[in-house]
Amino acid sequence: MSGETTYDLGDPAFLKAPQHMLAQMRAEGSFVPIRLPVLGRILVTTTHFATAQVAKGKDTFFLTGAGAGLKKKGNVSVAWWMPRTFRSIANNMLGKDDPEHRRLRKFVDQAFARRGIREMRAEIAAESMKRVTLLSSGEVDIVPGLCRRMPLEVIAQLLGIPEKERDTFAQFGGALGELEGFSSLVRIMWSMTRLRRYLSLLIRQMRHDPHPGLIADLIALEEGNDRLSEEELLAMVFLLLFAGFETTTNLISGAVLALEQNPEQKAWLFEDFDARIERAGEELLRHVSSVAGTKPRIAARDVEIDGYLVKRGEKVMALPIAANYDPKVFENPAELNLNRFPNPHLSFSTGAHFCLGMQLARVELQEALRAVYAVYPNLRLAAAEQTYHRRPGHRTLQGLRLHLA
């Protein structure tokens, strides 16, 4: 099958302008086979319908071999050779099937409910403005100082990281954003090992002297025999850290790039920012598609979806980016249309594994854009061409250099 060698989801050219390769893939069918490092041959979705069916198909598509009823029991995305720290990152609830996923999700849903994310808007707005005003004027890469640091500060506050340790925590967390292939994994291994030690110590301290935050909330929610093990709690904190800043970093940087590449759309938004930002934010979520692919799943049985027969035991990855650029659902999907409605994008996935931090990401995007354009309304791109990291499943800009005046 030609698709196994033709389609490279980590190709920076694809990540820069995905519509061209997605159209070629879609012409072959609703699923196409490709090859990914470590995972080998895997089917990926090419349409909105197929993506939604895989994401929602908890009785057909499983994240573990055991869930799919196969002899090979392991998690699809966790390899035996991974260092312990990276297994802790990968072996979180996003890689669990029900009932284990439902049990773990219950803890974090209740903890998030206690925090009142929408009530944090003023704090997020203040943090965004702080990070923008700390940027130097002139030509600046806004990714480290704003797009990454603001979400890191927000998630650190949510977790309950002591303020005096935020800079160190930001250094650890920032290293996660540098992951790009095996060589970079080796480079950041030491940082991640230190982060694991730090979080393990922090969790032990929280059990005896809790600080307000999600870590203390997760511990407080333990009831009777239903307790999070140390490994489960550590994996949960890693997940909240990584999911809480990495995808939002990509979303904010991608959104600023999209606005600068579409000045008429930007002008429309800022004619009435408060009234238009929610609808515009949904379109930026769709257009940027910072999470291009979900965790791979295993088919537990033969199933026909959108005219394609997925066979039992095949590995399948849903591609939200393919769903978000499907012309059957979105008119002129490659175009940014901030007034697009309805907008049934799948940037937060769907089904049991939909993004638990979606409201947080929305508020952070809105307030980051409000702050950067309030301080620098005439900012402009420093270079016409932008480069993406080679990371299948993620649209990560290597940087976003702007002229700030």
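Author: Some terms first. Ala, Val, Leu, Ile, Met, Phe, Trp, Tyr, Cys and Pro count as nonpolar; Asp, Glu, Lys and Arg count as charged; the others, Gly among them, count as polar. This is a predicted model, where local features need pLDDT of at least 70 and side-chain atom pairs count only at pLDDT 80 or more, while totals for chains, interfaces and linings use all residues. Residues are numbered from 1 along each chain as its sequence is written, and side-chain values use heavy atoms, with hydrogens and water left out.

Reader: How many nonpolar, polar and charged residues are in the lining of the second largest pocket?

Author: A pocket is an open set of points on a 1 Å grid over the protein atoms alone, where a 1.4 Å probe fits, with protein on both sides within 12 Å along at least five of seven lines; lining residues have an atom within 4 Å of a point. Here the lining divides into 11 nonpolar, 8 polar and 4 charged residues. Among the 23 lining residues, Lys 16, Gln 261, His 287, Tyr 388 and Arg 395 lie nearest the centre.

Reader: Which helix gives the most to that lining?

Author: Helices are DSSP runs of H or I, at least four residues, and strands are runs of E, at least two; both are numbered from the N terminus. α13 gives the most, with 6 residues.

Reader: What is the strand order in the open sheet of 3 strands?

Author: Strands of a sheet pair through backbone hydrogen bonds, either parallel or antiparallel. Two strands pair if DSSP finds at least two bridges between them. The order here is β4-β10-β9, with antiparallel pairing. β4 (138-141) and β9 (380-381) stand at the edges with a single partner strand each, so one side of each lacks a neighbour in the sheet. β4 and β10 (residues 401-404) are joined by 4 bridges.

Reader: How many salt bridges are there?

Author: Side chains of opposite charge can pair when their charged atoms come close. The rule is a side-chain nitrogen of Lys or Arg within 4 Å of a carboxyl oxygen of Asp or Glu. The count is 25. One of them joins Glu 367 and Arg 121, with the closest N and O atoms 2.7 Å apart. Glu 367 lies in α17 (residues 358-375) and Arg 121 in α7 (residues 121-133), so the pair ties together parts 246 residues apart in sequence.

Reader: Is Glu 367 buried or exposed?

Author: Buried means under 20% relative accessible area, exposed over 50%, and partly exposed in between (1.4 Å probe, protein chains only). Glu 367 is buried, at 3%. Arg 121 is partly exposed, at 25%.
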